[in-house]
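Open the model in your viewer and keep the selection panel at hand.

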Amino acid sequence: MDSREHAFLRALYSALNLGCITELEAEQVNGLAKGFGLSPYEAALLAERLQNEGFLSIHWGGKIALTPEGRDRAEGKTLSGASGAVQFGNVGPNTNIVVSSPGSAAGAGAMGAGAVKIEVTHGIGDLAAALQALRRAHAQLPPEAQETSQQLTSEVEAVVHEMQQPHPDKVSIEQRLDKATGLMKRLVNLSDVAMKLGPTLLSLGTAFEKISRWIMGE
């Protein structure tokens with residue numbers, strides 16, 4: 001599984017948790033895929049690939065559910081029976097390293113065939129799921145919150161896009177995270193909005209923390 005597949009799997013996982021549901025409609029899956037710059041056709045191919053790997057199941061009408069193995073992988077757990085897979089927990093502050101193949105290096109930047117930088121892919125996946133939730137909730141927000149919500153959506157979109165570049169601009173990402181955090185605080189101060197967007201804002205905050213640790217090299 002490459003980093004893009006892992007980030008997409010994490011996005012599916014986060015979207016299911018945010019919605020407190022067990023299946024995602026095809027429209028929701030396509031919405032998540034859009035955050036990764038994927039067309040519906042490309043999303044279908046990726047979903048089929050993940051199904052073949054045993055991480056999700058595709059049901060009638062294009063609905064998607066994660067298998068237990070898919071949930072474990074989305075959470076960053078080592079899959080049972082994976083050849084040579086080892087998980088290191090609590091190795092230094094804020095570090096969780098999964099080494100899943102021979103030749104992978106044990107370190108905060110775990111590399112090698114099959115190794116996935118969990119913090120980074122989790123951050124992108126969580127952002128993509130929260131971004132979709134923001135878009136879906138936008139029309140239901142009071143007028144005084146819609147402009148701020150739209151600005152937050154734009155900042156998160158830019159962060160997701162930049163983090164998928166071959167060489168992400170960490171300075172730009174950090175600046176956008178700072179601006180997005182300020183926008184989140186403005187929304188939290190509106191009680192009606194806080195109740196509607198509570199889980200989404202919490203997911204965003206957690207993702208921001210993971211990405212900030214990546215920027216700082218932790």
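Start by selecting two sets of side chains. In α6, take Ala145, Thr148, Ser149, Gln151, Leu152, Glu155, Ala158, Val159, Glu162 and Met163; they meet Ile173, Arg176, Leu177, Lys179, Ala180, Leu183, Met184, Arg186 and Leu187 in α7. Contact here means heavy atoms within 4.5 Å. Colour the selection by class: the contact of α6 with α7 has 11 nonpolar, three polar and five charged residues. For that colouring, Ala, Val, Leu, Ile, Met, Phe, Trp, Tyr, Cys and Pro count as nonpolar, Asp, Glu, Lys and Arg as charged, and the others, Gly among them, as polar.

This is a predicted model, in which local features need pLDDT of at least 70 and side-chain atom pairs count only at pLDDT 80 or more, while totals for chains, interfaces and linings use all residues. Residues are numbered from 1 along each chain as its sequence is written, and side-chain values use heavy atoms, with hydrogens and water left out.

Now show the two helices as cartoons. Helices are DSSP runs (H or I, at least four residues), numbered from the N terminus. The axes of α6 (residues 143–163) and α7 (residues 170–188) cross at roughly 155° and come within 9 Å; these axes are lines fitted to C-alpha atoms over the stretch in contact, with angles from 0 to 180 degrees between N-to-C directions. α6 is therefore roughly antiparallel to α7, a term for angles over 145 degrees.

Next, select glutamate 162, found in helix α6. Which residues does glutamate 162 contact, leaving aside its neighbours within four places in sequence? They are His167, Pro168, Asp169 and Ile173. The side chain of glutamate 162 reaches the backbone nitrogen of aspartate 169 at 2.8 Å. From glutamate 162 to isoleucine 173, 11 residues apart in sequence, the C-alpha to C-alpha distance is 7.1 Å.

Stay in helix α6 and move to threonine 153. Threonine 153 has a relative accessible area of 5%, so it is buried (under 20% relative accessible area, 1.4 Å probe, protein chains only). Beyond its neighbours within four places in sequence, threonine 153 is in contact with Leu131, Leu134 and Arg135.

Finish at alanine 128, in helix α5 (residues 118–137). Alanine 128 is buried too, at a relative accessible area of 4%. Its contacts, neighbours within four places in sequence aside, are Ala11, Leu32, Phe36 and Val160. Draw a distance from the C-alpha atom of alanine 128 to that of glutamate 157: the two are 29 residues apart along the chain and separated by 8.1 Å.

Definitions and conventions. Buried < 20%, exposed > 50% of the residue type's maximum accessible area, 1.4 Å probe, protein only. Parallel < 35°, antiparallel > 145°, perpendicular 65-115°, else oblique. Polar contact = N/O pair within 3.5 Å; in protein donor to acceptor, adjacent residues only side chain to side chain.
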